[in-house]
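Biologist: I am new to this structure and would like to go through it step by step. Please show it, and then I will ask.

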Amino acid sequence: MSTTAGKAEPTLKEAKKEGGLKEGSLAPAFDLPGAGGEQISLAALKGKKVVLYFYPKDDTSGCTKEAIEFNALRESFAKAKAVVVGMSPDPIKSHDKFRAKYELSLPLASDERKDTLGAYGVWVEKSMYGRKYMGVERTTVLIGPDGRIAKIWRKVKVPGHAEEVLAAAKAL
């Protein structure tokens, strides 16, 4: 990745090579399909604060609670000039059902290839009952209007998290 002034966001490949994201670094660019036929890209959100929350799977208890909490605060995020986007490796069809079932209106991006999840460092090896597998580590990234990462929350615990992110977005 070049340090040339005015350079665009790092590519997904460059971000992976960098060995993970840090606060202050440029957020990796992405352009993904979203629920409801939307196309969701970081470039289209340029100049806005972006709350990008990564979650493991549609319609599971923790992911549902997290989506409902962020969705309930949508207007407050909008007043703070922030856009909330959820992202998981689930296909669009799953996102559409998830949004309809819980009346969610926030954008949900689908990264079935896991390129963006990898670039943001959230596609990781996990372990449950001694079994190792790859999955999404629940993480939220607050991206400033300048395209730089303002704050990262890793291994998120859902209760109260959306309010904490809203406070950070207001302070940015």
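Biologist: Are Phe54 and Tyr120 buried or exposed?

Modeller: Buried means under 20% relative accessible area, exposed over 50% and partly exposed in between, with a 1.4 Å probe and protein chains only. By that rule, both Phe54 and Tyr120 are buried.

Biologist: What kind of model is this?

Modeller: Residues are numbered from 1 along each chain as its sequence is written, and side-chain values use heavy atoms, with hydrogens and water left out. Local features need pLDDT of at least 70, side-chain atom pairs count only at pLDDT 80 or more, and totals for chains, interfaces and linings use all residues, for this model is predicted.

Biologist: How are the rings of Phe54 and Tyr120 paired?

Modeller: Rings of Phe, Tyr and Trp (its six-membered ring) pair if their centres lie within 6.5 Å; planes under 30 degrees apart count as stacked, over 60 as edge-to-face and the rest as tilted. A search of the whole structure finds seven aromatic pairs. With the centres of Phe54 and Tyr120 5.2 Å apart and their planes at 45°, this pair is tilted.

Biologist: How many residues apart are Phe54 and Tyr120?

Modeller: Helices (H or I, at least four residues) and strands (E, at least two) are DSSP runs, numbered from the N terminus. Phe54 is in strand β3, while Tyr120 is in the loop between α5 (115–119) and β6 (123–128).

Biologist: At what angle are the planes of Phe70 and Phe77?

Modeller: Phe70 and Phe77 are both buried. Their ring centres are 5.9 Å apart, and the pair is tilted because the planes are at 40°.

Biologist: How much space lies in the largest cavity?

Modeller: On a 1 Å grid over the protein atoms alone, a cavity is a set of points where a 1.4 Å probe fits but cannot get out; points are joined across faces, edges and corners, and a volume is the space filled by probe spheres set on them. The search finds one cavity of 30 Å³ or more. The space in the largest cavity is about 60 Å³.

Notes. 1 Å grid on protein atoms, 1.4 Å probe; cavity = no way out; pocket = protein on both sides within 12 Å on 5 of 7 lines; lining within 4 Å.
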